[in-house]
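Reader: I've got a structure to look at. Can you walk me through reading a few of its features?

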Amino acid sequence: MPQAQTLEKLAIDGGPKAKPTPYGMGKRFGTEELAQLKEALEQQTLFYAKGSKTKAFRERFAARYGVKHVVTCSSGTAALHIAVASAGIKPGDEVITASITDMGTCIAILQCGAIPVFADLDPHTYTMDPAAVEKLITKKTAAILPVHLTGAPCEMDAFKQLAARRSLKLIEDCAQSYHTGYKRQLCGTIGDAGCFSLNDFKHISAGDAGMVLTNDDELAHRAELFADKCYDRAPNAERNPFSLAMNYRMCELHAAVALAQLEKLDGIIAARRRFGDGLHAGLEGLPGIHPQRFVEGARPSYWFYLLRVDEKVLGPRDKVAEALAAEGLRVSAGYVPYATYLHKIFRNRSGFGGTEWPFSLAPHIRYEPGLCPNAEAICADSIQVGINEFYTDEDLAQTLVGFRKVATQLAARS
Ligand SMILES: Cc1ncc(COP(=O)(O)O)c(C=O)c1O
């Protein structure tokens, strides 16, 4: 590490930037996506059950993940809704999930008339704490829904055992975790179902779309029907919907882009891991910086990197983030401003049509500050480092110089 740079004045105080050059950039979409789109259009149908693209995407994703079924759909939220509904979750059931997650996770539960119960996170891995989850299990608990946040796996052995012992469904939210490894398994293949997002911010994008992975034939069949108006598309099947469902179909255009993106996934993961692993190792030992920790057997895929600041050593988190950003680093203060249960929808118990339903089915479940202290602390003192597959080794080296410079100098001031 070039010591001279760490002694230079901080950029926020008018000194030179630790990262004077912009981060590597590149094109996510190119001739491969265009070729797939052209072929899709030339089919003269964009309907998933008639064209070849959705079918091919399902087959390739299933082969890559080694699962029996991939059900495609229109978003990650849709995938989660399909999985929760197909797992048999009913109105009034409780589903335990992470206290920091995207609304999509909660929408899926609420749209089944079920109640999200938020479990606190491990303060270092930012994934659900199995002990906290176990304490929340009641007679009404029907499922556990771990979220592999940031591309880092949850402690799946513990959740798998807990789910088996208490006869609960286990549904994985893998929206942020393509190719995330856990003890030689891929996240998304460990529970009853794994749910993925192809929205524009994920490792790979089709603009918007999603998929549910499962090895359970029954669940897969229910998922197919739930995603397509309960219309059975099997040849010669009777068109006679028997159950409430959605239209969450993926169309051939999305599948075409997803197919091309899939070819790039290995390279994307490898590049993100090179940067992520390097960042993780390089942050170790810096004053006032608590690097992210990973559960045993984890192979993270770095959708982004989240570290925590010791404010007693470095001063207020927002000021640290400002100082890092001034050095030219791609960082921001935290991931989300507050724990998910503090969103207005939960605080006000705003359900269907302006009523409190389904929250009214669970008056004992409260959503209030202090519910999950670790999650709230993570929101308050974490710093997010953006990671992108186009970042170079020089980007990594300069990012670490920036962190070292800011951490050592702010620590020396306190
Ligand atoms: C953890 C998590 N779950 C679910 C979703 C929902 O995915 P989508 O935006 O495709 O509906 C997201 C998307 O940001 C997410 O990050």
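Author: Let's start with burial: a residue is buried if 20 or more other C-beta atoms lie within 10 Å of its own, exposed if 12 or fewer, and partly exposed in between, with C-beta atoms placed from the backbone. Also, this is a predicted model: local features need pLDDT of at least 70, side-chain atom pairs count only at pLDDT 80 or more, and totals for chains, interfaces and linings use all residues. Numbering runs from 1 along each chain as its sequence is written.

Reader: Is S74 buried or exposed, and why?

Author: S74 counts as buried because 21 C-beta neighbours fall inside 10 Å. S74 lies in the loop between strand 1 (69–73) and helix 4; helices (H or I, at least four residues) and strands (E, at least two) are DSSP runs, numbered from the N terminus.

Reader: What does S74 touch?

Author: Contact means C-beta atoms, placed from the backbone, within 7 Å. Leaving out residues up to four places away in sequence, S74 touches D208, A209, G210, Y248, R249 and M250.

Reader: Which residues come nearest the ligand?

Author: Here a residue is near if its C-beta atom, placed from the backbone, lies within 6 Å of the molecule. Of the 14 residues around the ligand, G76, T77, D102, G104 and S197 come nearest. Helix 4 (76–86) and helix 5 (103–110) each supply at least two residues of that shell.

Methods:
Two residues are in contact if their C-beta atoms, placed from the backbone, lie within 7 Å.
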